[in-house]
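Thanks for coming, everyone. Let me put the structure up, and then we'll walk through it.

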Amino acid sequence: MIDSTTKAQLQEIADRYPVARSGLLPMLHLLQSVEGHVSTDGIDACAEVLGISTAEVTAVATFYTMYHNEPQGEHHIGVCINPGCAILGGDDVYAAVCARLGIGHDEVTADGKFSLERIECQAACTHAPVMTVNWEFMDRVSPEQAVGVIDALAAGEQVESTRGPKVTSWRDTARVLAGFDDGKAADGVAADELMLAGLKRAKELGMKAPTTKGGE
Ligand code: FES
C-alpha cells in the first residue's frame, strides 16, 4: 500500500518535468527508498500519477538493473566484474564478498542486512578494482578491505567511502536518486588527479571535442 505522503511525493516528481512521464525513473527510486523495492502497488501508483498503463511502468522498472522487484538489503553491495576491475583483482574481491556474506549475485542475506550485485563498469576504472556500498565508492579495494567494510557495517559502525562521504543506507541513497537533496552532495572529492588525467593530457595536446553538424 502506497501511503498518501509517498503519493504526494510521486506527484511532486512528475510535476518537475514538462512531460510528466519523464519523471518515472526518479519516481521508481522514490518507491525503493520507501518500500525497499518496486512493488506492484508502487507500479500502480506511478501509473495512476502519470496516466499511463501499469505495463508501461513495469517495462521500465524491469529494464534497468538499478530497480528491484524484491526487497533489498539495508546495505547494497556492488562489485564491478568488468575487465578493467576484474584483471586488477575485482574477481577476488567478489569471491571474498560472496564468501563473507554467504550469498551470490542478486541475493539478500537472511537478516536483510545486505544485498549483493555484480555490477558493470561504474566509470571508475582509474580506481579499479571498485566496490560500491549503497552506490558510494570503495576505490582500489582489496578482498581483505572489502570484507572489513562489511564487518564494520554488520557491527553497526560508521563507514566512509574512500572518497569521503559517510555511508548511510541503500534507501537513503535511493531517496537522493529520486531528487530529494540530503545536503551532502558536496561531501568528499568531486574529481581527483587520476580522474582528470585524460582531460589534462588532451589539453596539453591541444585536442578538442569534434563539433556537431551545425558547427556548435
Ligand atoms: S571496469 Fe570497473 S569501474 Fe570500469
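What covers the buried residues of α2? Hold that for a moment while I do the housekeeping.

This is a predicted model: local features need pLDDT of at least 70, side-chain atom pairs count only at pLDDT 80 or more, and totals for chains, interfaces and linings use all residues. Residues are numbered from 1 along each chain as its sequence is written. Helices (H or I, at least four residues) and strands (E, at least two) are DSSP runs, numbered from the N terminus.

Now the answer. The cover on the buried residues of α2 includes α1 (4-14), α3 (40-50), α4 (54-63) and α7 (170-177). Buried means 20 or more other C-beta atoms within 10 Å of the residue's own; exposed means 12 or fewer, and partly exposed is in between, with C-beta atoms placed from the backbone. In α2, 10 of the 12 residues are buried, so the helix is largely enclosed by the rest of the structure. Among them are Leu 24, Pro 26, His 29 and Gln 32.

Two strands pair if DSSP finds at least two bridges between them. β2 pairs with β3 (residues 114-119) in the antiparallel sense, over 2 bridges. Glu 107 has Leu 116 of β3 as its bridge partner. Contact here means C-beta atoms, placed from the backbone, within 7 Å.

On to the cores. A nonpolar core is a set of buried Ala, Val, Leu, Ile, Met, Phe, Trp, Tyr and Cys residues joined through C-beta atoms within 7 Å. The largest has 25 residues, and Val 97, Val 130, Met 131 and Ala 146 touch the most other members. α5 gives the largest share, 6 residues. Leaving aside residues up to four places away in sequence, Val 97 touches Ile 77, Val 79, Leu 116, Ala 146 and Ile 150. Another core, of 21 residues, lies apart from that one and includes Ile 2, Leu 24, Ile 43 and Trp 170.

Last, domains. The bounds come from an automatic or database domain assignment. It gives domain 1 (1-72 + 170-184) and domain 2 (75-168). The contact takes 6 residues from domain 1 and 8 residues from domain 2. Their C-alpha centres lie 25 Å apart.

Definitions and conventions: Contact = placed C-beta atoms within 7 Å.
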